[in-house]
Structures are given as structure tokens and as C-alpha cells.
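Colleague: I'm new to reading protein models. Could you walk me through a few features?

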Amino acid sequence: MRSRQYGPDVLAAGSQRRRPQPRRVAAEPGLVVEDATARFCGAVVLCEKDAVTLEDRHGTRRVFPLSPATFLLEGEPVMLVRPTGPAGPGAQRPGPAARTASGSVAAPPSRAKVAQASRIYVEGRHDAELVEKIWGDDLRDAGVVVEYLGGIDDLPAIVGRFRPGPGQRLGVLVDHLVDGSKESRLAASVQSRDVLVVGHPYVDVWAAVKPAALGIAGWPNIPPGTPWKEGVLRALGWPPDTAAAWQRILRSATSFADLEPEFLGRVEELIDFVTEPGSR
């Protein structure tokens, strides 16, 4: 029986359609790209004759061959080439790498990611808004959701409902976490391999914003027994409106440099905990 004719063999030499070559881009330090499998995203830190070294937001470095490897630059397939003097028509040079408010190298634009099972909880709404403003880009890139407790007394019940375990970690940020306090006792009662509770020493997250960012000499000392926020407003001569005061404080915090190290370090610690490889 005569076989049907399906045309030329698509696997025969010379029969395949030529694919357009990706655009060539100079691998300048600071350029943020993803490898072709989209499993590693980082900034160029070193480019040698046949290889390029990328560093991600955690400081992890990986080396990739320059050719024929294809990378993604803002979603576009490109081929990295070694920088050689002034850029010519064959290679375009990027500007400085974009940074997020947290100081991390900004990841290339990508499709919305599915939220991870791991979560970060903070104590109140103001804490959540400050974390979102400074670390929002990083958290969205990692697929990590931030929620707030509404009060430290709710922590044991929330941990119980969350049921943390491998692949479902819980990180918690607590205000005024000092030895011997109620907060420290509650934190100790829920700590485990998959639950990390950290805190800062401030009575309220307002004080985690550096006074210089607000143009004040310092946060006033409020006598025990006096509601802290109301006392701060009176001492600073601000209108007695805590909601308006918070918006003023939040507007003043434009980057990680406006936050106190004791707060900054604890949030970074939580992000690292819930995004650690193998934990999501």
C-alpha cells in the first residue's frame, strides 16, 4: 500500500525554519536578568570571557555560560555578551539596576505569582502598611502574603489554625518584644522549627521610623500609664488625630534608610525564613 505523502521530513537537515536570534545585550554590572528556565534571577556582578556571574537578593551567586545561553530581560529573550568599550549596534547597554524601597535589586516585570503557603504576620495594620510600602515589591516577587494579627493575644489561636509545617512556615513580627514581657511569653509558647517569632523593642511601630525622616529631634518619652500615641501627638504639638499622624509618618518612610535597624533587620529575617529554599 502506498503511504500518504505528508511533505518533506520536518527533521531533515535544512528543512527547519530558522529562528530569529535574540537581541544581544552587554552584561554590565547591575543588569538584572533571569536564566532561560526562570529558576534564578539576579544582577550581573562579574562577566568573564565565557561566563557571567549573577547574584540574587539573598546574596547567592551562580555562574552561567555566555553562549549559547539565553536569558530573560524584562520578559524578553536576550543573549548576554561581554562588554567591550563603547556600545555598538550589536549590543545595547542598560542603565543602572533598579532598586526596590528595601534596597534589593528589582526583579524583572513578570506575571502575577501564586501565593505561597508560607505567611508573615505582623501585629497591627500600621505594621502591615509599613512592611508593604518598603518590602511590597520583594514580597510580591516571592509570592509571600503579609497579614496582621489585630493583637498579640490572638497569636496562639492563629498559629493553631495555620497548622505550620514543612512547606508552610509562619513568620511573626511583634511590637515591643523584650525579655519578661507578655509578648515574649506568648512568642515562646508558639516557637517551633516552622514558626519564627521576632520583634523590635519599640512600644509602637511608629517609632521604627527614624525621627530624622520626619524632621523631628527624636521620639518623645511618654510616661507610663499615658496612651503612647496620644502622648506623642501632644508632645510633638501635632493635631490629635492618630490616623492623620500615621499617614504623615508613612509618607516620610520612603526607603529602608528611613527605618531603624532593629526593625529593618527583623523584617529581613522573617522574609529569609519563609522564603528559604525548600520551605515553600
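Modeller: Happy to! Keep in mind that this is a predicted model. Let's begin with a charge and a ring: the charged end of Arg248 sits over the ring of Trp238, 4.0 Å from the ring's centre.

Colleague: How many aromatic pairs does the structure hold?

Modeller: There are four aromatic pairs. In one of them, Trp135 and Phe263 are tilted, with 55° between the planes and 6.2 Å centre to centre. This pair links distant parts of the chain, since Trp135 belongs to helix 1 and Phe263 to helix 7, 128 residues apart. Both Trp135 and Phe263 are buried.

Colleague: Why is the pair of Trp206 and Trp228 edge-to-face?

Modeller: Planes over 60 degrees apart count as edge-to-face. The planes of Trp206 and Trp228 stand at 70°, so this pair is edge-to-face, with ring centres 6.1 Å apart. Trp206 is in the loop between strand 11 and helix 4, while Trp228 is in helix 5, so the pair ties together parts 22 residues apart in sequence. Together with Trp219, Trp206 and Trp228 form one aromatic cluster.

Colleague: Is Trp228 buried or exposed?

Modeller: Trp228 counts as buried, at 17% relative accessibility. Trp206 is buried too, with a relative accessible area of 0%.

Colleague: And how do I read a sheet?

Modeller: Strands of a sheet pair through backbone hydrogen bonds, either parallel or antiparallel. Here, an open sheet of four strands has parallel pairing and the order 9-8-10-11. Strand 9 and strand 11 are the edge strands, each pairing on one side only. Strand 10 and strand 11 pair over five bridges, and Val172 stands opposite Val197 in strand 11. Helix 2 packs on the sheet, touching strand 8, strand 10 and strand 11.

Notes: Residues numbered from 1 in each chain as written. Predicted model: local features only at pLDDT ≥ 70, side-chain atom pairs only at ≥ 80, totals over all residues. Heavy atoms only, no water. Pairing = 2+ DSSP bridges. Helix = DSSP H or I, 4+ residues; strand = E, 2+ residues; numbered from the N terminus. Contact = heavy atoms within 4.5 Å. Axes fitted to C-alpha atoms, helices over the stretch in contact; angles between N-to-C directions. Phe/Tyr/Trp six-rings, centres within 6.5 Å; stacked < 30°, edge-to-face > 60°. Buried < 20%, exposed > 50% of the residue type's maximum accessible area, 1.4 Å probe, protein only. Lys NZ or Arg CZ within 6 Å of the ring centre and 35° of its normal.
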